Amino acid sequence: MKLKTEAKQIFEKIRHEIKLNKSYKTALLIFLAFLMLAIFKGIANSSSTKISDNSLKRPAPGSDARQETVDVYDKSGKLITSLDLTLDPRKLNASEVEENFFKAYEEIEENMLATNESLDKVKYNLKLQTSAVSGLVNIDWYSDDFNIINYNGKVSNDDFLENESRPVVLRAVLSYDEYKTSLEYRITVIAKDKSELSLDNLIAKRIDKNLEESVNEDKFSLPDNIDGKEFIYKIRREETSPFYYIFLGIMLAVLIIYKDYAKLKEEKENRIKQMKYDYSELVSKLCLLLGSGMTIRMAWTKIAADYNRNFKEGRATSHAIYEEMYETSCNMQAGIPEAACYEDFARRVNIKEYTKFISLLVSNLKKGSKDLVSLLENETREAFELRKQMALQKGEEASTKLLIPMIMMLVIVMIIIMFPAVTSFGI
């Protein structure tokens with residue numbers, strides 16, 4: 001069994017080394033391939049071709065310019081300088097321009113009609129090309145009535161009445177470099193056949209006609225039917241989308257949850273502030289009762305009982321720390337160990353001052369201490385300092401809250417003062 005295990009381990013080690021060797025070989029081959037590619041690219045970049053007849057051929061007319069880098073050598077083969085040249089396309093001469101303009105005319109007339117019968121009966125969009133002769137000649141179109149035919153060749157005749165026609169003059173301006181020429185096309189746009197008009201166009205035309213015929217009447221009639229199709233009309237009112245109410249509901253739900261969360265957070269913060277504020281009073285009472293000879297339990301029970309009685313009789317307001325003390329007192333009367341009750345009180349309150357205070361009491365119960373009263377007196381002095389700081393903080397918060405209404409009053413006073421002055425100048 002041991003030999004089998006050792007053999008298996010050796011086999012796994014060998015297989016792992018073989019995999020590593022394959023990976024190394026693959027990585028090396030890839031690196032060498034890219035190294036060779038880089039070498040060939042470097043050679044290609046550094047190579048140069050001798051220019052025959054010391055002349056370079058320009059690009060053909062209408063094509064893009066070409067960039068070339070030319071190295072200049074002397075007879076001994078020494079490099080003198082390198083020049084970056086831009087070879088613009090060859091320009092046509094006047095006779096060539098005239099020939100290409102003629103080709104452009106033929107191309108325009110061949111493609112312009114699109115699906116129309118002739119220029120005298122134009123119903124559909126025209127095909128007005130912006131270039132001709134493979135882009136060599138530029139074409140700009142101008143219309144004397146863009147509402148009927150625009151420069152893109154779109155024909156707007158849906159609102160034409162039956163047998164209505166309108167003349168339009170289109171002018172094509174052909175240009176190549178500084179050469180220009182123009183040609184005018186007189187076009188007659190006619191109404192589409194009724195069968196070619198969409199139903200919405202038919203309805204719109206009928207309603208427009210009724211509107212024109214009833215300008216002197218109090219009301220006009222909408223067509224009951226068109227081509228045997230009856231219609232019902234409804235006035236569209238701007239309605240709020242249902243998604244608006246969904247969004248509003250979500251926002252209100254979030255606000256309510258946030259409001260409750262903020263309220264709970266504020267109540268918790270106020271509860272902590274109140275317990276910290278009552279800390280000095282509680283420690284001083286307990287210190288006074290312990291100094292009179294009472295035990296910790298007796299003093300604790302008396303403070304809690306006095307608060308509970310005064311609260312029930314309406315002589316005291318609610319204080320969270322005394323509520324917690326009363327609960328602790330009830331737990332002790334129920335038989336729970338005194339130290340455990342104090343520790344549970346500290347966990348519920350969860351404030352560092354009370355945790356320190358309870359640790360003193362529990363330590364006195366477990367180990368005994370003659371200096372408990374003096375320790376509590378020192379704690380009372382520190383507690384009064386804390387209470388003084390909290391009182392100062394409350395005063396600062398009150399002054400900050402009063403700042404907003406003071407600013408509002410200042411703005412109102414400024415308006416009262418400035419308004420008569422502004423109106424007297426007639427501004």
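**Exercise 1. Find which residues of helix 5 meet which residues of helix 7, and describe how the two helices pack.**

*Solution.* Start with the contacts, meaning heavy atoms within 4.5 Å. Glu281, Leu282 and Lys285 are the residues on the helix 5 side, and they meet Ile321, Tyr322 and Met325 of helix 7.

Next, sort these residues by class. Ala, Val, Leu, Ile, Met, Phe, Trp, Tyr, Cys and Pro count as nonpolar, Asp, Glu, Lys and Arg as charged, and the others, Gly among them, as polar. The contact of helix 5 with helix 7 then has four nonpolar, no polar and two charged residues.

Now turn to the geometry. Two packed helices are described by the angle between their axes and the distance between the axes. Axes here are lines fitted to C-alpha atoms, for helices over the stretch in contact, and angles run from 0 to 180 degrees between N-to-C directions. For helix 5 and helix 7 the angle is about 45° and the axes are 10 Å apart. That makes helix 5 oblique to helix 7; angles under 35 degrees count as roughly parallel, over 145 as roughly antiparallel, 65 to 115 as roughly perpendicular and the rest as oblique.

A word on the model before going on: it is predicted, so local features need pLDDT of at least 70 and side-chain atom pairs count only at pLDDT 80 or more, while totals for chains, interfaces and linings use all residues. Residues are numbered from 1 along each chain as its sequence is written, and side-chain values use heavy atoms, with hydrogens and water left out.

**Exercise 2. Is Ser280 buried or exposed, and which residues does Ser280 touch?**

*Solution.* First, locate the residue: Ser280 belongs to helix 5, which spans residues 279-291. Helices (H or I, at least four residues) and strands (E, at least two) are DSSP runs, numbered from the N terminus.

Second, check the accessibility. Buried means under 20% relative accessible area, exposed over 50%, and partly exposed in between (1.4 Å probe, protein chains only). Ser280 has a relative accessible area of 0%, so Ser280 is buried.

Third, list the neighbours. Leaving aside residues up to four places away in sequence, Ser280 touches Thr380, Ala383, Phe384 and Arg387.

For a contrast in accessibility, look at Glu377 in helix 10 (residues 372-424). Glu377 counts as partly exposed because its relative accessibility is 39%. Glu377 and Val283 are 94 residues apart in sequence, and their C-alpha atoms are 8.1 Å apart in space.

**Exercise 3. Work out the strand order of the open sheet of four strands.**

*Solution.* Two strands pair if DSSP finds at least two bridges between them. Strand 3 (residues 131-132) and strand 4 are antiparallel, with two bridges, and Ala132 is opposite Val137. The two strands form a hairpin with four residues between them, where Val133 in the turn has a positive phi of about 55°.

Continue to strand 5 (residues 165-176), which runs antiparallel to strand 4 and is joined to strand 4 by six bridges. Here Asp140 has Val173 as its bridge partner, and Tyr142 stands opposite Arg171.

Put together, the order is 3-4-5-6, with antiparallel pairing. Strand 3 and strand 6 (179-190) are at the edges with a single partner strand each, so one side of each has no neighbour in the sheet.
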